[in-house]
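Subject: Structure handover

Hello,

Here is the structure for your work. My notes follow below it.

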Amino acid sequence: MAVRSAAAPVTPEGSKSGRRPAASTWPAAGSVAPRPTIGREQLLSDLVRHLERQDGPILLSGPAGIGKTHLARASIGRLVDIGADAEEIIGGGAPSAVPLGPAAHLVPAIAGDVPLAGLIAAALDGLRRRAVERRLIVLADDIDLLDAASATLVGHLARMERVAIVATS
Ligand SMILES: Nc1ncnc2c1ncn2[C@@H]1O[C@H](COP(=O)(O)OP(=O)(O)OP(=O)(O)O)[C@@H](O)[C@H]1O
Ligand SMILES: [Mg+2]
């Protein structure tokens, strides 16, 4: 598995565009204990340390099933255990067929006909407020399968203070 610290999304090895992603095995970070992690202790602690320092987004890339999502969630779980807040934006499947579908849970209800850019701004505003309370870690899973609007949201989040991103591809 390749681990990259990136200020901007990096072209993944073995892009998975077009194939159905694996179903999520761990609901929103912090709500359910993740499966125990076997091995990869060094990688996991390096990842946790990097996320704690907020040194910029992390991209985990590699072949399907190698454990990218598991490792990302395990690292986020460790930070949630010590007080961080967490969210997930998951690419692929039916949600990615709708603009902002993978991030719909982050978009506040707004009356009227709001343009997509307004919905992105509203989601960012909500997350910025949350991050003031507790540092926020966002899993952007299967980023190559995100719709353009959700990818835009993740791109803005990556530049937000008190927000750390771990992406998989
Ligand atoms: N280090 C580990 N310890 C325990 N279970 C693991 C570990 N790594 C992966 N798994 C388990 O193996 C399965 C596949 O891992 P995961 O979904 O994280 O792979 P992935 O690289 O994200 O795959 P995809 O490319 O399809 O998204 C999952 O059930 C996951 O919980
Ligand atoms: Mg995965």
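A definition to begin: axes are lines fitted to C-alpha atoms, for helices over the stretch in contact, and angles run from 0 to 180 degrees between N-to-C directions. Contact means that the C-beta atoms of two residues, placed from the backbone, lie within 7 Å. Helices (H or I, at least four residues) and strands (E, at least two) are DSSP runs, numbered from the N terminus.

This is a predicted model: local features need pLDDT of at least 70, side-chain atom pairs count only at pLDDT 80 or more, and totals for chains, interfaces and linings use all residues. Residues are numbered from 1 along each chain as its sequence is written, while chains are lettered from A and ligands numbered from 1 in the order in which they are written.

**Confidence**
pLDDT is the predictor's confidence in each residue, from 0 to 100. The chain averages 85, and 83% of the residues score at least 70. Residues 7-27 fall below 50, yet this stretch has 30 contacts in the model beyond near neighbours in sequence. Where pLDDT is low, the predicted coordinates should not be read in detail.

**Sheet**
Five strands make an open, mixed sheet, ordered S1-S2-S5-S4-S3. Pairing takes at least two DSSP bridges between two strands. S1 and S3 (85-90) are the edges with a single partner strand each, so one side of each has no neighbour in the sheet. Twist averages 15° from one strand to the next. S1 and S2 (residues 58-61) run antiparallel, joined by four bridges. Serine 5 has isoleucine 58 in S2 as its bridge partner.

**Helices**
H1 lies across S1, S2, S4 (136-141) and S5 (163-168), at about 155° to S2. H4 also packs on the sheet: it touches S3, S4 and S5, and makes about 135° with S5. Glutamine 54 follows H1, with a positive phi near 55°.

**Ligand 1**
Near means a C-beta atom, placed from the backbone, within 6 Å. Of the 17 residues around ligand 1, Ala64, Gly67, Lys68, Thr69 and His70 come nearest. Helix H2 (residues 68-81) gives the most to this shell, with three residues.

Best wishes
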